[in-house]
Structures are given as structure tokens and as C-alpha cells.
Amino acid sequence: MPLFDRKDKSRYTTFSRRALMMSGGMTAVFAVLGGRLYQLQIEDGDQYKLQAEANRVSLHLVPPARGRIIDRFGTELASNRRNYRVMLIAEQASDGVDAALDRIGRIIEIPDRQRQKVLRDIAQNKKFLPVPVAENLSWEEFARINLHLPYLAGVQPDVGETRSYPYGAGLSHVLGYVAAVSPDDKKDEDDPLLDLPGFRIGKRGIEKAYEGALRGEAGASRQEVNAYGRIIRELSHQPGVPGKDVWLTIDQQLQQFVDQRLGNESCACVVMDVQTGDVLALSSTPGFDPNLFNVGVSNAEWKTLTTDDHKPLIDKALSGVYPPGSTFKAAMAVAAANAGLDKNFSVNCSGALRFGNHVFHCWKKHGHGHVDLHRGIQVSCDVFFYETARRLGIDAIEDTAHKLGLGHQTGIEIPGERAGVIPGRAWKLKTYGAKWLDGETLNTGIGQGYVLVTPLQLCTLAARIASGKAILPRVVRVVGNAAQPRPIPDPLPFSQDVLDVVRSGMDAVTNVPGGTAYAWRIPDPGFEMAGKTGTAQVRVISEAEHLAGVKKNETLPWKMRDHALFIGFAPSSAPRYALSIIMEHGGIAAHPHVQMARDILLFAQKRDPLKLPTDYPLNAASAAQASRA
Amino acid sequence: MNTRPYALARRTVAPLEKLIEVNWGLVLLITIIACAGFAMLYSDANGHLWPWAGPQIVRFAAGLLILVACALVDVRLWMRVAYPAYAISLLLLVVVKVAGHKGLGAERWIALGPVEIQPSELMKIALILALARYLHGLSVEDVSKPRHLAILLAMIGLPVLLVAIQPNLGTTLILVMDGASILFLAGLSWWWITPVLAGVAVAIPTAWRFVLHDYQKQRVMTFLNPESDALGAGWNITQAKIAIGSGGLTGKGFLAGTQSRLSFLPEKQTDFIWTSFCEEFGFVGAIALLILFAVVIGYGVQVAVSSRSQFARLTAMGITLNFFFYIMINAAMVMGLIPVVGIPMPLVSYGGTAMLTVMFGFGLLMSCYVHRQVEIPRHNPGII
């Protein structure tokens, strides 16, 4: 029996032929697959290796510890404390973010506002990124979260660092604060740290001015991550460089006394070393709590801060400019003595001075009678200084005021300082496009008119008169362990006699009966202060009111009352501490601001921080430089 | 092959003799390929037998038993069960479609007691058997006759339709290719083949223009340029190419593939296992594995060509081509040559049904080999 009939034979040959064709096709496909492998693995292999590495490794910045801000005796004014946080990873919250937040909310309180913020953050970020749900938890709260952790899917407790200002509102204007990075901050800088979620930078004060030193340099951590961004392990760790500590000249204890003494009044007060310009206390009240800005100010808090008529957000000591009023007479007195108008020069004060067709009033309606320079300072006679100003001329006044530190920025390290105004011919031409009028010289002579100063400048003025040196106020002493360079102050271009006359006049203000501040003198022997009072009108007093009698400040609404000023130094015989103080709308008979000045200067002398050894971490070179200075 | 072993010249042979006849070299080859799969499953589980490598080894062992058992079954018995197997598979496809709506879960699966099976996998084998069975009775000229061709096309078309509406694009594609190949091998006239190929060439641009939805076009565009949507739909293929490419010449080493270990690869234990293999063993390893596959296929072709019955020839070649289509589609897909369709790499990818189906297929191939000398008349096959 034939195994294949003919048709079978033809089937067989057809099958074999076509099987061969298909085998050829399959071989071709294998060749293509092999070629593709060659292309991917050999030709483009290096490029894909890079991509695989980029996939695998994620570079994380490790924020450096921010430098501390420390007072002259080593007290931490701004430091870092542990921040117990609770983070939520949306991807891992098995039954949804809302349910997870509800569960956390049963353990610690989550305000509605915070909840909204968390939901917003989660919507904006990748689902595997941890989003902070609650920060700055107490240890108890943090422990409770950790205890319940097995039942909280996606919740991640975390310990970070946050800025802490242990003295709150005290020093707020000196230290400033740190806050979240804004888009504007990123314009000038490309430090990758700025993109780190939750990173804070200095926004004001020393925190801002010394941002570079305080921030330090970021460390880096190379981490292996999986496709979901979850960290598998750390491949390498490069520690960052911690920020440098900034040491201030401030004495925290004196500062605290000043802050407490000023209380909630709208005040500014500066205390400095007359020999060096080291600022020992710099206060502007009311302040604000810098910790608030770190965690984020709520709308209500922001509204309170901005609508308060005592303006807690404004640093009155540096950026508040005021007419100096009679405190300017201290500078006038230096100019007068320097021009020889001290001995054998007196003015008869009848309560007013007619100049041209204008009458210039003395604060004392019925006049002071015969007044020389010494008595002019002591009783603050306006007519005496009108006449002195007229004789000196505006150019001499302008020149002397500048030499005493007014009319320009002192260059203190805190940002936001204003220059104030010491008017002159060129200034007026430039500002108003008009010629200087002689009548304006008279107004300038009693610190009114165009004259504007900051409390810091007033303290500089007092310190310069007290020491005879052209000191400049400084508040930063050491950064890291390097002393900040400071020039040895030049002596003022006034003779000793000139300054002695002015100091003796200022001594009489407080220590001789009849002086404008005699009632608030320091009676303790050896601690006496010298000073000069001042009042700055905030309203125009009409001629009619002058005739009827100027209204007493006590009868006016707070906003209409005069600003009250005082500058002084102590001890009167051998000055070491200078002070300036302004109390906005504080011009009442009881002179509360002079009482404050008295208490502060007495406290300063009794504590005597300048005699105490400082705690600056100076290296040998800096120490040598410091001792030369 | 031309010398006929004595034992097999007889119509019945003792099982023990058949056992010796089994080509153990092929079994070894298959085992080596499967071991490459175990290694990758072990590696993808970060060096653990659980959850993939262990079960896979058990399934492979079961598969080996099935292979040998099938090899011992007379090829005429397979011929006899061809139509019933096809009918049952078709029925199961209908059941799974209907039962799927009754809430049995995924439409592709069906529960048979404790075992879950995919009727579409069974259909791949059943279709090959049924077509071979039908074509066994046809001469070369008969194949191209409209009457027979209509029946053959219906045999292919019915399961294709049922699988396509599941929907299961990968299996549909495989069924179409299996069916078309068998018709081609059986001697379908070029007068039929040429117009169909021309028609397809015209249909594709027409479909692009008038039939496809925008999202479907988007899918094709993403395939053509995966980097254009690197985090979206192109993610899988981009990551797969990175995995393969970063393997370089010699690979990153066993257990050292980063792409798979760090979950950048989708479905790394099933459809994309080829990528982790290429990543860890490099060009050298991948080419070696491809060569092993090619040898297995070459062996299959040889079995087909040397078989004496048309049924065995078509079955052996059908099984071999089915195996080849799996490899081709899977490798081309993960290497970015064709769009992503869900087709596993045979013997290597994790998956029970796929493993058992492939081993069952090799069992049939082996049965064809063992019984290659058995002659079956075209008409009245005289099935035992």
C-alpha cells in the first residue's frame, strides 16, 4: 500500500516549501530582534545607563543648621529648636486623605484653616511627597501620634529644626525674623536651598543682613529611590557647613529691662557705649513675636499687627524719623560754643522773638529773661536758640549737626535705617527747588521745621557729646569667630572746652534746680545722668491758640499729643552710657519718658555690662585686633 | 529521520519505548530557558523565591509531567479529540463571556472547581488541532476552494471574535496569526493571499483616517514616540528601553538590576520580564537566550517537516509558530518595536495558565515527534 498518494506528495512538498519560507521569515525576525538588542544595549547603552542612574538616584539637599544670634555674654537670642512635625504621604493613606486627617484630628487638634492648607498642599504636590500636617507639636502630642502610628497609614512623624526666638517680642526689631521663601527672594539668588520645602530665610533685621553667614551651606544626600519616589537607602552623605553664629553687642539683660520699662507704650530707646558706639540695647515697642512669622501669620494676627496705631511692625529706633525738638539744642549748643557764643553772650527772652514779619514763640509764654548758653540748655529757652541760630546761620548748623552724626545713616548693621534730614541750602534747593529762607534757620535752631532724626541718631549725638569721639553705632561684634572690623573713632573736631560747656549745660538740665528734667534726676551719688529734653509737635499751633494759651497735651486726643524725647548720658562726670528715648504722643507733664530714661540709665550703671567680661569666641588674630581697637 | 525505528513502525507501541523515544535534549533546552525565567523571578523579588520563582518552579514541574504525558499519547488520539477540544474551548469562551457579566470577576477567567483557567489560552491549542484535523482531509487544491475556505475561516473567526470582545488584543492577534499561518502552510493559493495582503495595506491608512478614535490614535502616536509622553502612557516603554539599554554588553549582574528592583518596570514579573533579563545579563545573555529560543523553534520545524501525516505536520508547525509569535510579539513590544500588547514571554514570564499551555503545546510537539512515523490516511483516518 503506497504510503503517500500523489496528492499527499504534493501536500508534503507544498508544506515543506512553505515551512521553509516561514523559517526564513522567523530567522529574519530573530535577526531584527538581535539587531534591536545591539542598538539598545551596545550603541545607545551608555546613554541608557545614564538614564537608569538618573532614575535610581535622587539628590536631596540637607539643610544646614542656621547660625545662632547671641548677645555679648553668650545668651542665645535666636536659636534652633527641635520641631516635632507630623507629615502625611497621600499615596500611602489607604482610605483617602480626608479619613487620614480625621484620624489624626482625633489625636491632635487640626484647626480648619490648617486642614484646608494641607488639602491644598497635597493637591499641588506629588502624591509620594510628605506634606506637613502639624508642626511645632509638644512632646506629649508627638508621643501620642507615635503611639497610634500603627493605625495611621501614611502618617510620618518627623523631627526637624525650626527657628526659635526665646525672648519673643523683645529684640524683635533687632533680630528680625525668618519666614518662608517668596518668589521675589529667588530672583537674586540661585541657592538650591531656596527651593527646599519649608526652608526659611531671614526677612528682617540681623536675620536678613547676615543671611549669608547664618545660613551656612547645604549638605547633600544621594538616595536610591524607587519609581514611586520612596527612599530605599542612602548611597552617600555629604554634611553641609552649619551657619555661623552672629554675636551682638547687645546685653540681653539690659535689653529686657528696657523692653519691660517701655511696656506697651509706642516708644523707641537706644542705649550705647559712648566710647565705642557698641549698642547695648535697642528697643522699639510694641514689638511683634518673630516666632509667629516663622510658623506663618494668620490673617487675624496680621490684621492686628498692621492696624495697631502703635505700629508694632515699624522699627521706630532706626526707621522712625521725628522732629528732634529741643533735643536738637544739644547740637545747637555745640555749634554755638564752637562759634564762641558761650561766654559773654546772652539773650533776653521775653517769650517771643519777632523776626521779619513773623513772631517766634518761646515755650515759656512769659519768657526766661537773660539767658546764656548754659542756662539756655538747662531751661531749654527757645528764644535763646532762635537768636543763636540766626547768628550762626544755617550752614554752620548743618555742618555741626552732620559732625555730630545727624542727617545721614549711621551705618548700623540692621537694614532699614533711615537718614533723617538736616536741612541746608543745597538740600532745600534739591528737595523743594527753592531758596533757603532765614526764618527757617530759626525753626531749625529749636529742632523743628525740616529737621528729622531717628532715635538711633539721637543716641549717637548724645554719645559723641559725652565722649568727644566720632563714634558710630555698631550692633554686630563677631561673626563665626572673626571680630568685625571697626575703625578707632576719630576725636570730634571740637575743643574740650566746647564740649565741657555743653556737658555742663546738659548736667544742669537734670541735676540743677530749674532744669527741665530736674524732677526726674538720678539722686544716687556717682550715678547722676545728664540730658536734654525735647518735644516734637505733631500739629500746627495757630497764632490764636498762642494768644489764648497753648492747649495742654493732656486735654488732647492721644494722636494729637506731642512726641516726647530725651537724650542723656551717665554718669554725668565721666560718661560711659548714652541713651536716647522717644515716646510717641507722650508729651505730658509727668514726663514718663524721662522717668524711663532715668530708670534705664540707673539700671545700666548698676549692672554695668561694660565692666563685665564678654563671651565672644575670638580667635587669636581677632583678639589682638580687638584689643588694638 | 529516514530510518524508521522498528518499534514505531508498528501501530501500537509500549509506553516505555515511547518514553525512550522522547527527545530529552529538547526537554533539557526547555528546562534551561525556564531556569532563566526562575532566575529573573528570583531577582525581581529582590532575591526571594516568594512570591514568583517558587510557584513558577512548581508549575514548570507540573508542566514537565504534562509534556511527557502528552508525548506518550498517540498522535491519532490527539486527532480524534481535536474537534471536541475545539468545541469545548469555544463553549468555555461563550461561558466566560456570559458568566463574566454575572460577576465572576475578570471576563478572561473561568473557575473550574479549584482551578482557574483562561479559555482563550486553551483555544490557542484547540484551534491549531482543529485546523490541522480539518486540513488533514484536504488536498492542496481543496484548501483554496471557497467551500472549504469558508469553513476554515469560520473556525478561525469564531474564537477570534469571542476573544476580541473580551477584549483581549494580544490573544486575538495570536489566534489570527496562528490560523493564517496554518492556512498558508496547508497550501492556500497565492490568488487568495495576495489580495488579502493588498486589502490590509489599504485598510490601515483608511482606518487611521476614518475609524480610529482620537484616544486610539494617541496610543499609536505614543508608541511611535514614547518620549513625547515619558510620564504618561509612554512611561512603560521608556522605562523598559532604559532597562534593556542600561544592561550594556555584559549586564549589571544577577540581582543587580536597578530598573526592575526599584519598580521602574511595569509588570516586571510577567510581560516585561525580558527587560529585567536584558538589564542583568546584558547583550551577551539576551542573545544567548534568543539563540536558545531559535534552537527550540528550529527543532519544532524539523519535527513538523519530518512527520509523515499532514495532521502532525500542521500541528507541530502550528505549535512552533505559536511559540515563535509569543517570543516575537513580546520581545518586539518591550524593545519598543511594536505597540504594547499583553503577551507574555513563553517559559520565562510568570503565569500559571501560560506556562501550562506552553508545556502542553510542547507535549503535542513531542507527541508528533514520537509518532512521526505514524501514517494516517487522508480519508477515513482510522483513528485508534
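## Overview

Of the 629 residues of chain A, 43% count as buried, meaning that 20 or more other C-beta atoms, placed from the backbone, lie within 10 Å of the residue's own. The model is predicted: local features need pLDDT of at least 70, side-chain atom pairs count only at pLDDT 80 or more, and totals for chains, interfaces and linings use all residues. Residues are numbered from 1 along each chain as its sequence is written, while chains are lettered from A and ligands numbered from 1 in the order in which they are written.

Chain A has 23 helices and 21 strands. These are DSSP runs, numbered from the N terminus: helices are H or I with at least four residues, strands E with at least two. Contacts here are pairs of residues whose C-beta atoms, placed from the backbone, lie within 7 Å. Among the contacts in chain A with a separation of 6 or more, 75% come from residues 24 or more positions apart.

## An open sheet

Five strands of chain A form an open sheet with antiparallel pairing, in the order S12-S11-S21-S20-S19. Two strands pair if DSSP finds at least two bridges between them. Strands S12 (279–285) and S19 (530–536) of chain A stand at the edges, each with a single partner strand, so one side of each has no neighbour in the sheet.

S19(A) runs antiparallel to strand S20 (residues 563–570) of chain A, and 7 bridges join them. Ala530(A) stands opposite Phe569(A) in S20(A).

## Nonpolar cores

Phe569(A) also belongs to the largest nonpolar core, which has 118 residues. Such a core is a set of buried Ala, Val, Leu, Ile, Met, Phe, Trp, Tyr and Cys residues joined through C-beta atoms within 7 Å. Phe569(A) is among those with the most contacts inside this core, as are Cys269(A), Val271(A), Ala462(A), Val502(A) and Leu579(A). Domain 1 (59–248) and domain 2 (252–309 + 320–611) of chain A each give the core at least three residues; the bounds come from an automatic or database domain assignment.

Leaving out residues up to four places away in sequence, Val502(A) touches Ala330(A), Ala333(A), Val334(A), Ala337(A), Ile377(A) and Ile465(A).

## Where the chains meet

In chain A, 35 residues are in contact with 42 residues of chain B. Helix H1 (6–43) and helix H2 (45–56) of chain A each supply at least two residues of the side that touches chain B. H1(A) gives the most, with 22 residues.

Conventions: Two residues are in contact if their C-beta atoms, placed from the backbone, lie within 7 Å. A residue is buried if 20 or more other C-beta atoms lie within 10 Å of its own, exposed if 12 or fewer, and partly exposed in between; C-beta atoms are placed from the backbone.
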